[in-house]
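Subject: Structure handover

Hello,

Here is the structure for your files.

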Amino acid sequence: MRKNRVYTLLASCFVVTAFVFSNSSGSASVGSITIDGKIYNQISFRPEFPMGKLKLGLDLYFYLDDEGGFYDKPWDFSTGKKAVENILDKILYLQYGNPGDRLYFRFGGMPSATLGYGIIVNQYSNTVQYPNIRRLGFELKHNGNIGTEIIMSDIKRSPGLTAIRATFPIFTNKFNI
């Protein structure tokens, strides 16, 4: 596990350095959390990296106990399954475009998703239980002649919410069904 800790700290230093020396934005926080009955101090960084229409938000968090010990379960990459789970937990979101664009998608945390003018789904959030439960939602909007909207609350586990909406114009784009 010591080797994983070194790799984790090196990767974290790289991300923080890239964040500081880029045109990125983000946030950081400090607090306490209880894991398995033990209190840890939490330090988290949430850098956001815009790359044209593509945006990436990361969620990097570290837990330290009262003796300076590092809780490394969220940084355990010892097996392929653990590595995939922990990497996915570090993605706050991956987004392309904006909801009004011709093509928009968001993978990860959804702070507010609406489908069908709010009649089907109105301001749904899959981050209500965050950070205890980190859901990876999916939202897709295609605004073309035939419009499509899809929302899935969590693709890591069974989604609690799946909603789909399709529209197509009739009467020369004056009325949609």
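Please keep in mind that the model is predicted.

The largest pocket holds about 570 Å³ of space. Its lining is made up of 19 residues, and those closest to the centre are Tyr61, Lys73, Asn86, Asp89 and Asn132. Strand E1 (25-35), strand E4 (60-64) and helix H2 (80-89) each give two or more residues to this lining. H2 is the biggest contributor, with 4 residues. By type, the lining has 9 charged, 8 nonpolar and 2 polar residues.

Next, the chain as a whole. It contains 14 strands and 2 helices. Of its 177 residues, 34% count as buried. The accessible surface comes to about 10900 Å², and carbon and sulfur atoms account for 60% of that. Among contacts with a separation of 6 or more, 43% are between residues 24 or more positions apart.

Last, a single residue. Gly108 is found in strand E7, which covers residues 103-108. Gly108 counts as buried because its relative accessibility is 0%, and the cut-off for buried is under 20%. Leaving aside residues up to four places away in sequence, Gly108 touches Leu92, Tyr93, Asn126, Arg135, Leu136 and Gly137. Gly108 and Glu139 lie 31 residues apart in sequence, with 8.8 Å between their C-alpha atoms.

Regards

Note on methods
Residues are numbered from 1 along each chain as its sequence is written. This is a predicted model: local features need pLDDT of at least 70, side-chain atom pairs count only at pLDDT 80 or more; totals for chains, interfaces and linings use all residues. Side-chain values use heavy atoms; hydrogens and water are left out. On a 1 Å grid over the protein atoms alone, a cavity is a set of points where a 1.4 Å probe fits but cannot get out, and a pocket is an open set with protein on both sides within 12 Å along at least five of seven lines; lining residues have an atom within 4 Å of a point. Grid points are joined across faces, edges and corners, and a volume is the space filled by probe spheres set on the points. Ala, Val, Leu, Ile, Met, Phe, Trp, Tyr, Cys and Pro count as nonpolar, Asp, Glu, Lys and Arg as charged, and the others, Gly among them, as polar. Buried means under 20% relative accessible area, exposed over 50%, partly exposed in between (1.4 Å probe, protein chains only). Contact means heavy atoms within 4.5 Å. Accessible areas come from the Shrake-Rupley method with a 1.4 Å probe; for residues, only the protein chains shown count as cover.
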